Amino acid sequence: FSYVQSIEFDFTPLVDPMIRFQINHDIETNDDGSTFQVSTDGGTAWSTLGSTSSTAPWFNSSAITSFNLLNSTHGWTGSSSGWSDMRHSLASYSSDTAVLFRFLISADGAATEEGFAFDDIIIAESDDVALTELFFVDSVCGTTASTVEARICNISIEEKYGFDVILDTNGTSITTSYSDTLPICGCDT
């Protein structure tokens, strides 16, 4: 067994957290594998996040024999034939203040393959754009000609496009369609 462990995360600011990352693997099919685990007690106990029946895309096997000592035999095995996009809900951890993650790989010495790689990890809201700032003329009363601008930021795991932004100022709502693409962690005014 070998693993790479994360730093500790506080999920209390998130409403519907989700993790997304890229993986690439070439591991001996069914005997060897890699999995993704979570701990909420400082790393004393670990549980496998999800199973092969988790919303796709996630694990591709439920019978990795080198995982027999773990609490689950679910994970990735075989060859991915390139980079694959993975994602899983973390909603059950949204009130936890000390969450650790780790990628774990287990292999025997029977066959030698290339191994397991991961990249581009993001933990964010599953689907959210946030209004982070309003800009307006500093006066007591505005007029119908007053300009109000808003800064919006994509705080989700997906690029966002084709959504409506609704601004309500003292009971008057204005809806504007955002037709550009707002990249992950991107902001616009």
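Colleague: What makes the pair S156 and N154 a polar contact?

Modeller: In this predicted model, the side chains of S156 and N154 are joined at 2.8 Å. A polar contact is a pair of N or O atoms within 3.5 Å; within protein, one must be able to donate a hydrogen and the other to accept it, and residues adjacent in sequence count only if both atoms are side-chain atoms. The 2.8 Å separation of S156 and N154 therefore falls within the 3.5 Å limit.

Colleague: Why is S156 called buried?

Modeller: The relative accessibility of S156 is 1%. Buried means under 20% relative accessible area, exposed over 50%, and partly exposed in between, with a 1.4 Å probe and protein chains only. S156 is therefore classed as buried. Its place is the loop between β10 (148-154) and β11 (160-169); helices (H or I, at least four residues) and strands (E, at least two) are DSSP runs, numbered from the N terminus.

Colleague: Which residues does S156 contact, leaving aside neighbours within four places in sequence?

Modeller: They are I122, A124, E125, S126, D127, D128 and I184, where contact means heavy atoms within 4.5 Å.

Colleague: Is S39 buried or exposed, and how do you know?

Modeller: S39 has 1% relative accessibility, so it counts as buried. S39 belongs to strand β3 (residues 33-39). Its side chain makes a polar contact of 2.8 Å with the side chain of D41 and reaches the backbone oxygen of A45 at 2.9 Å. Beyond neighbours within four places in sequence, the contacts of S39 are T44, A45, W46, A98, V99 and L100.

Colleague: How many helices and strands does the protein chain have?

Modeller: The protein chain has zero helices and 13 strands.

Colleague: Why is the protein chain called more spread out than a compact globule?

Modeller: Its radius of gyration is 22 Å, well over the 16 Å that the globule rule gives for 189 residues, so the chain is more spread out than a compact globule. The radius is taken over C-alpha atoms, and the rule is 2.2 Å times the number of residues to the power 0.38. Along the principal axes, the C-alpha atoms fill a box of roughly 75 × 35 × 25 Å. Within the chain, the C-alpha atoms of S39 and I174 are separated by 45 Å. Buried residues make up 37% of the 189 residues.

Colleague: What makes the phi values of N30 and S81 worth noting?

Modeller: Most residues other than glycine have a negative phi. N30, however, has a positive phi near 70°, and S81 has a positive phi of about 55°. N30 lies in the loop between β2 (17-27) and β3, while S81 lies in the loop between β5 (78-79) and β6 (84-89).

Colleague: Why do N30 and S81 carry the accessibility labels they do?

Modeller: N30 has 38% relative accessibility and therefore counts as partly exposed. S81 reaches 73%, so it counts as exposed.

Notes: Residues numbered from 1 in each chain as written. Predicted model: local features only at pLDDT ≥ 70, side-chain atom pairs only at ≥ 80, totals over all residues. Heavy atoms only, no water.
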